[in-house]
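Hi there,

Here is the structure I promised to send over.

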Amino acid sequence: MAAAGPGAVLEHEAEQPQVSDVPQSKQDPESKQESVPLEAAIPMEQLFSAPAAQYLLPILGEAPPGEPPDPKKCSPREYLEFYIFPVVLPGLAALLHETEKEKCFEGKRTTFIPSDFLTEWLYNNNPKRKDESFTELFSIPFVKDWLKDHPRPPVPLSLLLSEEEASILIQSFWRGYRVRCDSEIQELRQWQKKLREERHIHEVVKKFWAKQEAKVGSKSEELD
């Protein structure tokens with residue numbers, strides 16, 4: 001390929017868009033799309049009542065200091081701080097302790113369902129139920145109503161058994177399989193199968209139960 005001459009190079013540069021060193025805000029005075037740091041746009045003190053380093057988990061039911069605002073007229077932030085966080089945040093802390101207790105971080109699969117625990121915890125720690133007894137998750141009225149229309153599938157056996165119980169089941173199955181593979185056991189099973197076919201054991205059982213049902217029917221008629 002032949003090298004491009006000086007004229008071709010100048011023509012190519014003239015076609016390229018010109019980029020100025022002047023900032024975009026000075027090039028276009030009417031432009032308002034300036035890059036503004038998030039901290040300058042939304043001060044952190046407007047998002048949290050205290051800095052992150054000083055923020056402590058509230059005690060259950062303990063609202064921030066000051067007179068509680070009217071829940072129907074207050075701002076979303078006030079409603080969260082006075083009516084939601086004092087209950088939800090301790091519940092989340094209890095959930096984390098329970099997940100650690102259930103060893104949820106040690107394996108990929110577990111029977112522990114975080115939403116179930118949190119539902120049960122929030123229901124029983126509701127300030128309106130302060131003097132009432134503990135209620136299990138599946139005894140909560142709205143949970144019972146939900147499960148009537150949305151039944152849960154059974155929990156897999158692999159999640160219900162411990163490693164020791166699972167190993168015992170696997171080993172017993174394997175021992176039984178090895179025993180059934182024995183030639184003498186196979187011969188015995190074939191003999192039993194042939195004996196059942198020759199004696200028509202299924203027909204004998206049907207006739208036996210038919211006689212028993214007939215006896216029961218005759219006795220009920222006599223009593224009537």
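Let's begin with Arg 180, which is found in helix 9 (residues 163-180); helices here are DSSP runs of H or I with at least four residues, numbered from the N terminus. Keep in mind that this is a predicted model, where local features need pLDDT of at least 70 and side-chain atom pairs count only at pLDDT 80 or more, while totals for chains, interfaces and linings use all residues. Residues are numbered from 1 along each chain as its sequence is written, and side-chain values use heavy atoms, with hydrogens and water left out.

Arg 180 counts as partly exposed because its relative accessibility is 33% (buried is under 20% relative accessible area, exposed is over 50%, and partly exposed is in between, using a 1.4 Å probe and protein chains only). Together with Arg 189, Lys 193 and Arg 196, Arg 180 forms a positive surface patch. Patch residues have over 30% relative accessible area and no salt bridge, with like charges joined within 9 Å and nonpolar side chains within 5 Å; a salt bridge is a Lys or Arg side-chain nitrogen within 4 Å of an Asp or Glu carboxyl oxygen. Helix 10 (residues 183-199) gives the most to this patch, with three residues.

How many disulfides are there? The count is zero, taking a disulfide as a pair of cysteine sulfur atoms within 2.5 Å. Cys 74 is buried at 16% relative accessible area, and Cys 181 is partly exposed at 41%.

Last stop: Phe 82, in helix 5 (residues 76-101). Phe 82 is buried, at 15% relative accessibility. Phe 82 and Gly 66 are 16 residues apart in sequence and 9.6 Å apart in space, C-alpha to C-alpha.

Cheers

Methods:
Areas by Shrake-Rupley, 256 points an atom, 1.4 Å probe, with all protein chains shown as cover. Lys, Arg positive; Asp, Glu negative; His and termini not counted. Charge placed at Lys NZ, Arg CZ, Asp CG, Glu CD. Helix = DSSP H or I, 4+ residues; strand = E, 2+ residues; numbered from the N terminus.
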